[in-house]
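Work through the two exercises below with the model open beside you, and try each task before reading its solution.

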Amino acid sequence: MKITLTVNGEEFPLDVEPRRVLADVLREDCRLTGTHLGCEHGVCGACGVLVDGEAVRSCLILAVQCDGSSVRTVEGLAGPDGEPSALQRAFSAEHALQCGFCTPGFLMVATGALEADPTLGDDPDRIEDLVRSNLCRCTGYEPIRRAITRAAQEARQLAP
Amino acid sequence: MKPAAFDYVAPRTVAEAVDALGTGGRRAQVLAGGQSLILEMRLERIRPDLVVDINRIPALDELRVRDGTLRVGALVRHRAFESAHAVPGPLGALFARAVGNIAHPPIRARGTMVGSVAWAHPASEWCAIAVALDADVEMAGPRGARNLAAGDFFQGPLKTAGQPGELITSVRYPLLGDDTGVGFVEHRRTHFCFAQVAAAAALTARGGVISEARIGLVNCADRPLRAHAAEAALTGVEIGPPLDGYRLPENHPFARAGRIAAERDAAPVAEPYADLEYRGHAIAVVVARTLCQAASDQRSRARALEGESR
Ligand SMILES: Cc1cc2nc3c(=O)[nH]c(=O)nc-3n(C[C@H](O)[C@H](O)[C@H](O)COP(=O)(O)OP(=O)(O)OC[C@H]3O[C@@H](n4cnc5c(N)ncnc54)[C@H](O)[C@@H]3O)c2cc1C
Ligand code: FES
Ligand code: FES
């Protein structure tokens, strides 16, 4: 089936079988391997991307469902000159990654939430809910919570 | 595993979807949020020939209140219920208490309430609430539209009275009045698990006396249940003062109702980490706690009503 995905601003005209999930198409057809696959059951969150601004599990959505949509992956977070996003800088500052396998998923779920609502940092329960969305086997979660909180506080200061 | 090959259509109207589902002899499957279906297709427990994606049917995402009835369209996502104000009155509060237990934000952004009803998992929060509140399941099929009471719709684990070729267009709930208090309590092993046991309760009281109790049981049988015997034991009981502490006295009416729910209403199935004795105990405790929460909600709503009338 012929579909068009806009991934990180770039248009990809693709011909994909309906059975293929978005994660596989991003990794194999668009060659964007920053989106990781862990469980492929919706549990771990490593495959998190934004579809039309919303954080989803790309292992549980078919690529054909996303025809005409705009997708953002971890590769799209950095600025044009390669400068990491505020959230990426916060992850680095707070040591919120060790092996890094889970990191793209956490970055995308938190980016989606922060962009949808810059006041996120006011509500520790909502940050908690985001941190609980994904699995990390290295960090013990606390540094991830700190990093998201730090970025949220920065976003709050910048918000009008 | 990757899903096996299938054909895919994305109709724009309910009529087109029903037509597609009825295309002779092929196994067709509705795709709503896909948060259960795509997983089942990966596990090859479901292997459709045709997937009918309803996400591009604009009419289905409506959440509407009319004449005291809430109508939830087939594309209303779990997330829509996270705010207690999305739905008026105590019903909105009940949905908001329940929804936080369903998976996590990215799953709630895609998965739908109606999809959960269609899927009919015994541990689904929405299914038990639908049964407890006498919701109506509205379906469109090759022979036209029909309605079925939630109590008759669920027939076993992942089994419903829905026929192949039928599309659920909405689920309808009667709104709850302000004399009703609600509670929802869930027990599970980890945040990523489905409920081991959960309960929903709606207690209506007049003058401090319970006039109607509704209790829905999650994962307490092979299907969602309404705890009729426990409900009957509560009518006419005083809603009583708030209780301190976590453990209820043995002879408290809510503790008794919990035991009745466990012994007479529930028909639990043993699971790894939860044999029948454990499950029975957990059901009694969870139901009693849910009733305490509903009673406390009822008292604060009653106080707010008194305040208004003064
Ligand atoms: C990690 C994880 C954790 C989860 N935890 C929970 C949990 O704690 N509690 C819980 O209740 N659920 C949980 N779920 C399941 C989730 O809530 C699903 O969203 C829900 O079960 C199905 O809704 P859906 O819209 O995604 O339906 P889909 O996956 O699209 O469909 C499910 C089934 O219903 C059928 N169907 C869907 N809509 C219709 C319709 N309108 N008419 C006819 N048939 C239809 C489909 O054909 C399919 O057979 C979890 C899922 C995941 C991946
Ligand atoms: S790979 Fe998608 S949630 Fe684990
Ligand atoms: S950093 Fe290794 S899994 Fe999270």
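Predicted model: local features only at pLDDT ≥ 70, side-chain atom pairs only at ≥ 80, totals over all residues.

Residues are numbered from 1 along each chain as its sequence is written, chains are lettered from A and ligands numbered from 1 in the order in which they are written, and side-chain values use heavy atoms, with hydrogens and water left out.

**Exercise 1.** Describe the contact between chain A and chain B.

Step 1. With contact taken as heavy atoms within 4.5 Å, chain A contributes 29 residues and chain B 28 residues.

Step 2. The buried area (accessible area, 1.4 Å probe, that two parts lose on being put together, summed over both) is about 2400 Å², and carbon and sulfur atoms give 58% of it. In chain A, the residues that lose the most area to chain B are A:Arg19, A:Leu60 and A:Gln65, together 27% of what that side buries.

Step 3. Five salt bridges (a side-chain nitrogen of Lys or Arg within 4 Å of a carboxyl oxygen of Asp or Glu) are counted between chain A and chain B; A:Glu40 and B:Arg42 form a salt bridge at 2.7 Å, N to O.

**Exercise 2.** How many salt bridges are counted between domain 2 and domain 3 of chain B?

Step 1. An automatic or database domain assignment places domain 2 of chain B at 59-174 and domain 3 at 180-309.

Step 2. The count between these domains is two salt bridges. B:Arg214 and B:Asp134 form a salt bridge, with their closest N and O atoms 3.2 Å apart.
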